[in-house]
Amino acid sequence: MNTPSRDPLDSLLAELPRDVRSSRDLWSDIKAEITADDTRATRPGASQRWWQLAAAVVLIVGSSAVTFFLVQRSMQTQMAEQVAAVRSETKKQLEPVLNAMPVSFGGHEGLGKSYEEARAQLDAEYAKRVQNLPPLVRAKVERDIADLRRSAREISATLAQYPSDPLLQDLLVSTYQREIQLLSQVNTMAASTAAGTDL
């Protein structure tokens with residue numbers, strides 16, 4: 001059985017109401033404060049990301065522009081140097097080539113009697129010795145010589161249309177020289193192959 005308490009504090013506490021009603025609804029204010037805190041917490045991060053993104057874009061565009069201008073300037077300098085080198089080299093090569101060896105537009109006939117004799121001798125020796133080469137090597141050599149001779153004919157035909165073009169003249173002479181070199185290499189190789197089989 002409950003006996004009444006004689007303590008005055010207990011009696012005062014017993015008189016107090018168990019629930020205290022607020023004069024206004026506090027929960028809506030608490031909820032608004034929580035959402036305001038959430039938006040304040042996310043807002044600085046979002047704006048900071050935009051600043052970081054903007055800084056990255058500025059950095060990329062700036063470095064790309066600097067790289068573009070530096071590369072362009074370097075390429076212009078290199079091209080100017082190469083053009084000057086080609087002009088000086090062409091000037092050096094043209095005078096001896098044009099004075100020493102007149103080019104014929106119909107073929108190799110105008111290159112001089114010594115060239116004609118050397119080519120005829122190498123060609124005759126090639127015709128005899130090419131049979132000593134292995135079949136695959138022989139096929140490749142014959143294809144290379146045919147390509148060189150076809151190229152020489154095409155360059156001669158183009159040179160007939162543009163007779164003052166120094167680059168075409170130089171290209172024709174170098175094609176004839178490559179043909180002579182290939183014929184002499186094949187003859188040397190065929191001779192050594194034949195000597196090896198005779199042993």
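The structure is a predicted model. Its chain contains five helices and zero strands, and along the sequence these elements follow the pattern α-α-α-α-α. The chain has 199 residues, of which 16% count as buried. Its accessible surface comes to about 15700 Å², and carbon and sulfur atoms contribute 60% of that area.

Which residues of α4 are buried? They are Val-141, Ile-145, Leu-148, Ala-152, Ile-155, Ser-156 and Leu-159.

Side chains of opposite charge can pair when their charged atoms come close. In this model the count comes to five salt bridges. One of them joins the side chains of Asp-144 and Lys-140, with a distance of 3.0 Å from N to O. Because Asp-144 and Lys-140 are four residues apart in helix α4, about one helical turn separates them. Asp-144 is partly exposed, with a relative accessible area of 24%, and Lys-140 is also partly exposed, at 43%.

A further salt bridge connects the side chains of Arg-150 and Asp-147, at 2.9 Å from N to O. Both residues lie in helix α4, three residues apart, which is about one turn of the helix. Arg-150 has a relative accessibility of 38% and counts as partly exposed; Asp-147, at 32%, is likewise partly exposed.

Glu-179 forms a salt bridge with Arg-149, and their closest N and O atoms are 2.6 Å apart. This pair links distant parts of the chain, since Glu-179 lies in helix α5 (residues 166–198) and Arg-149 in helix α4, 30 residues apart. Is Glu-179 buried or exposed? With a relative accessible area of 3%, Glu-179 is buried, whereas Arg-149 is partly exposed at 24%. Salt bridges that share partners join Asp-123, Arg-149 and Glu-179 into one network.

The nonpolar residues complete the picture. The largest nonpolar core has eleven residues: Leu-122, Tyr-126, Val-130, Leu-133, Val-141, Ile-145, Leu-148, Leu-182, Leu-183, Val-186 and Ala-190. Helices α3 (113–129), α4 and α5 each supply at least two residues of this core. Which helix gives the most to this core? It is α5, with four residues. Apart from this core lies another, of seven residues, including Tyr-115, Ala-152, Leu-168 and Tyr-176.

Leu-148 brings several of these themes together. This residue is among the buried residues of α4 and belongs to the largest nonpolar core. Leaving aside neighbours within four places in sequence, Leu-148 is in contact with Thr-175, Arg-178, Glu-179 and Leu-182.

Terms used: Residues numbered from 1 in each chain as written. Predicted model: local features only at pLDDT ≥ 70, side-chain atom pairs only at ≥ 80, totals over all residues. Heavy atoms only, no water. Buried < 20%, exposed > 50% of the residue type's maximum accessible area, 1.4 Å probe, protein only. Areas by Shrake-Rupley, 256 points an atom, 1.4 Å probe, with all protein chains shown as cover. Salt bridge = Lys/Arg side-chain N within 4 Å of Asp/Glu carboxyl O. Core = buried A, V, L, I, M, F, W, Y, C linked by side-chain atoms within 4.5 Å. Contact = heavy atoms within 4.5 Å.
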